[in-house]
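Colleague: I have not worked with this structure before. Could you take me through it step by step?

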Amino acid sequence: MPNYNDDDVDYGEYRYKNYLWRENGRFVKPQKQTVATAIKKQTSRSQKDKVGAFAIFSVIICFAITFLLADFFSGSGFLAFTGARAPNKKGNASTYYALSLDYYETESIASMTADELRQMGGGGYAIKDNGFYLISSVYGSEDEASTVLKRLNSKNASIYKIIIKELPLQWYKGDKKSELLDTLKYAEITFDELYAISIALDNAELTEYTARAEITVLTNKIKLLKAKFDDLTTKDRNISVTKIKVEMVATIAMLENLLSYNVSRPNLISDIRYTYTAVLVAKKNLSNNM
């Protein structure tokens, strides 16, 4: 089994960086994705003569989307609200509201459009759900997401709900369940603080230097939650503990990549929006597979 504590993934080199639990329960790292390989994946040997036409179509779509996104993000603070609000809670589940600019049936078009969006400060995270929903940002309030959706005035835009169920703890043998539950809020804490940092950056209330300082504090906070979780589950040896640890380590890895000056990125704010979306989606996947 790999040593996840030593994971050092360069997220800037990947189109899709989501950590997912597949049906077989194995942890899967992202694969590099380029336009060329995306086209290749879609094309069987019997369809090779169609590659040229598909590539031309893809370029036309990307040019059209570039102009559309430029219009969307022409104003400062387009995606911003003053601060993250508590997600809508129903029963033991929390709901976050992701702003999807469009839905694509093919990964290649979603990938290229995501790059265009990231250049303009959007998250550019593609949620795979039958097809691909291209996410620009996420909100804890449906009203806030709906307000931005109305500003877009686009028939292709929509709100995608990220529903995170409370993780089951029937496997826990200890007597500090409330403390354990606190450690499991790592994804929600990451979203809240990264969202606030993205707003401050967007409004020029923080520089990239001071934003990284705040991300450093957040990273240390999540590391402490991970250490506390490890301490509380020392005697619990099961797949649920392993899955949670892996997701916590992945969250820390993504935060540390935000701090790196060696990662190629269009801009810090787009990576922040990408990261908080990825963390929430990973937590949703985790809650659905325990």
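**A first walk through the model**

Modeller: I would begin with helix α7. What covers the buried residues of α7 includes α5 (177-183), α6 (186-202), α8 (239-259) and α9 (268-288).

Colleague: Which residues of α7 are the buried ones?

Modeller: They are Ala-211, Arg-212, Ile-215, Leu-218, Thr-219, Ile-222, Leu-225, Lys-226, Phe-229 and Leu-232. In an α-helix, residues three or four places apart point the same way, because there are 3.6 residues a turn.

Colleague: How many residues does α7 have, and how far does it reach?

Modeller: The helix has 25 residues, and from its first C-alpha to its last it reaches 36 Å. That is close to the 36 Å expected at 1.5 Å a residue.

Colleague: Before we go on, where is confidence highest and where is it lowest?

Modeller: Please keep in mind that this is a predicted model. In the protein chain, confidence is highest in helix α7 (residues 208-232), at a mean of 96, and lowest in strand β1 (residues 20-21), at 34. The pLDDT is below 50 over residues 1-57, a stretch that has 82 contacts in the model beyond near neighbours in sequence.

Colleague: And what is the mean pLDDT of the chain?

Modeller: The mean is 77, with 69% of the residues reaching 70 or more.

Colleague: Let us turn to charged pairs. How many salt bridges are there in the whole structure?

Modeller: A search finds 10 salt bridges. One of them joins the side chains of Lys-228 and Glu-179, at 3.0 Å from N to O. Lys-228 belongs to helix α7 and Glu-179 to helix α5, so this pair links distant parts of the chain, 49 residues apart.

Colleague: Are those two residues buried, exposed or partly exposed?

Modeller: Both fall in the middle class: Lys-228 is partly exposed at 32% relative accessibility, and Glu-179 is partly exposed at 30%.

Colleague: Which residue does Lys-223 pair with?

Modeller: The side chain of Lys-223 meets that of Glu-256 in a salt bridge, at 2.9 Å from N to O. Because Lys-223 lies in helix α7 and Glu-256 in helix α8, the pair ties together parts that are 33 residues apart in sequence. Lys-223 is partly exposed, with a relative accessible area of 36%, and Glu-256 is partly exposed at 34%.

Colleague: What about Asp-230 and Lys-245?

Modeller: Their side chains also form a salt bridge, at 3.7 Å from N to O. This pair links Lys-245 in helix α8 with Asp-230 in helix α7, 15 residues apart. Lys-245 counts as partly exposed at 25% relative accessibility, and Asp-230 is partly exposed at 24%.

Colleague: Which residues are linked with them in a network?

Modeller: The network of salt bridges consists of Lys-226, Asp-230 and Lys-245. Lys-226 is also among the buried residues of α7.

Colleague: Changing topic, at what angle do α8 and α9 pack?

Modeller: The angle is about 180 degrees, and the axes are 10 Å apart. Angles over 145 degrees count as roughly antiparallel, and α8 and α9 are therefore roughly antiparallel to each other.

Colleague: Which residues meet there?

Modeller: On the α8 side they are Lys-243, Ile-244, Glu-247, Thr-251, Met-254 and Leu-258. These meet Leu-268, Asp-271, Ile-272, Thr-275, Ala-278, Val-279, Ala-282 and Leu-286 in α9.

Conventions. Residues numbered from 1 in each chain as written. Predicted model: local features only at pLDDT ≥ 70, side-chain atom pairs only at ≥ 80, totals over all residues. Heavy atoms only, no water. pLDDT = per-residue confidence, 0-100. Helix = DSSP H or I, 4+ residues; strand = E, 2+ residues; numbered from the N terminus. Contact = heavy atoms within 4.5 Å. Expected span 1.5 Å × (residues − 1). Buried < 20%, exposed > 50% of the residue type's maximum accessible area, 1.4 Å probe, protein only. Salt bridge = Lys/Arg side-chain N within 4 Å of Asp/Glu carboxyl O. Axes fitted to C-alpha atoms, helices over the stretch in contact; angles between N-to-C directions. Parallel < 35°, antiparallel > 145°, perpendicular 65-115°, else oblique.
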